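Colleague: I have some questions about how the labels on this model were assigned. Please set each value against its definition.

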Amino acid sequence: MRAGTIFALSSGGLPSGVAVIRISGPDCRTAVAQLCGAVPPERRASLRSIRDRNGDVIDQGIVLFFPGPNSFSGEDCAELQIHGGRATVAAVLSALGVIDGLRPAEAGEFSRRAFLNGRMDLVEVEGLADLIAAETEMQRRLAGEQASGGLSRLYDSWAKRLTHARAMIEAELDFADEDDVPGSVAASIWSDMHALAQDILNHTDGARVGEIVRDGLKVVIAGPPNAGKSSLLNYLAQRDVAIVTDVPGTTRDVLHVDLDIGGYAVRLYDTAGLRETDDVVEREGIRRTRLSLQQADLVLLLSDDDVTDAADFLGNFSGPFLRIRSKSDIFGETLPDRAIDVMISTKSGDGVDDLIERIRAYLPTLEVGNALALPTRARHRDGLVTCREHILAALQNVSAGLDIQAEHLRLAAQALGRITGRVDVENLLDVIFSEFCIGK
Ligand SMILES: Nc1nc2c(ncn2[C@@H]2O[C@H](COP(=O)(O)OP(=O)(O)OP(=O)(O)O)[C@@H](O)[C@H]2O)c(=O)[nH]1
């Protein structure tokens, strides 16, 4: 960690009614005293004049001082709530910059310090980042649960079960002949390890849901040129994002908009119409279309005639797709013989609500409560898979002996510890002693 006392504007874009400048580090007290004359009472909102190094008043604002270690970052912290004019904020920031030991914070540095000082684990830090980035209600709820420790508590409870199991095995290995240790104690933990492997599996099943809520459902509009793909994107986005013309091959690049459907994020992609072409730019667009199809959770296959063969447009994509017939205002609303899921017109708006309902069916439904503790990143999923593999290896390698089984459980705990960023250190002996009064 780079040393020093850091400061930054922590509130949003300027100008604003109020701007919040945050300070964290060992010289925080000195800095506040220099700016405000004295350090205000801890954790109390205090109205103060904020002055530059010549003693000239820059602004009046609310000053809050939070002594470490019980602060956001674990260090001495302060917040200056000042008027949010650009010049005012710039003047306060430059007054801070000339104080010895102070420097502007790097991106994410307050949270990084909070992590390094044990105020938040990695999963909570990620949750906080997601909470700040959340744009839909479901993203907010999921991130809120993660930032406030919901997911970490679950992982910690699993880490405890692993630690307990390892402690029992250690006890059996080291003290099996002593009277204090009940015989064959290690056998009792295997059923719990079975149950834990299942708990992890159930939880990992939710990873897809967590990732969709966090990253948005990726919906790609594909189909032949001139089918009305860009018109559909614009219609759903309620603005002119993509250029619409009656010239086939207008869209050359993959464009996207973020939609909010019932509180869930949907990333909608408009792609170049797929066709044989010698145009270099259009060919590059078609290559990009194929790439985005590989990432899609759902494809909207749009066509203004009914002879479109899905296979021509889906390439290697094997996920779900909806066959949509466009321009129903021209071609009529009678469903043609070919299988069509929805008929729409972006001119009249007919069928679009129906289409949104169809998309909604591919979104998860989150219940309030424990279901919100879901893995949200590939990193979580990978760690959980590794953890479970080691638990299963421990369960299956009975003939290898307790030493090897214990080692697998250690690796399982390590994989879990890597998710939360907590290193599973020597708490093993504590558990043995608390459970068995060894040593009397
Ligand atoms: N009548 C009618 N015309 C439409 C509708 N949707 C699109 N169009 C027209 O169809 C033409 C092509 O529309 P685009 O949205 O550019 O089609 P595209 O599939 O993105 O075309 P490419 O960029 O060539 O792949 C334009 O002239 C649109 O105005 C519709 O629902 N009804």
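Colleague: Which residues is Thr-251 in contact with, leaving aside its neighbours within four places in sequence?

Modeller: This is a predicted model, where local features need pLDDT of at least 70, side-chain atom pairs count only at pLDDT 80 or more, and totals for chains, interfaces and linings use all residues. Residues are numbered from 1 along each chain as its sequence is written. With that sequence exclusion, Thr-251 is in contact with Lys-229, Ser-230, Ala-242, Asp-270, Thr-271, Ala-272, Gly-273 and Gly-285. Contact means that two C-beta atoms, placed from the backbone, lie within 7 Å.

Colleague: Why does Thr-251 count as buried?

Modeller: Thr-251 has 24 C-beta neighbours inside 10 Å. A residue is buried if 20 or more other C-beta atoms lie within 10 Å of its own, exposed if 12 or fewer, and partly exposed in between. Thr-251 therefore counts as buried.

Colleague: What does the UniProt annotation "binding site" cover?

Modeller: In the unreviewed UniProt entry, that annotation covers Ser-230 and Thr-251. They span 22 residues in sequence, yet no two of their C-alpha atoms are more than 7.5 Å apart, so they gather at one spot. Such annotations may be inferred rather than shown by experiment.

Colleague: Why is Ser-230 called buried?

Modeller: Because 24 other C-beta atoms lie within 10 Å of Ser-230, this residue is buried. Ser-230 is found in helix α9, residues 229-237; a helix here is a DSSP run of H or I with at least four residues.

Colleague: What makes Val-32 buried?

Modeller: Val-32 has 26 other C-beta atoms within 10 Å, so Val-32 is buried.

Methods: Helix = DSSP H or I, 4+ residues; strand = E, 2+ residues; numbered from the N terminus.
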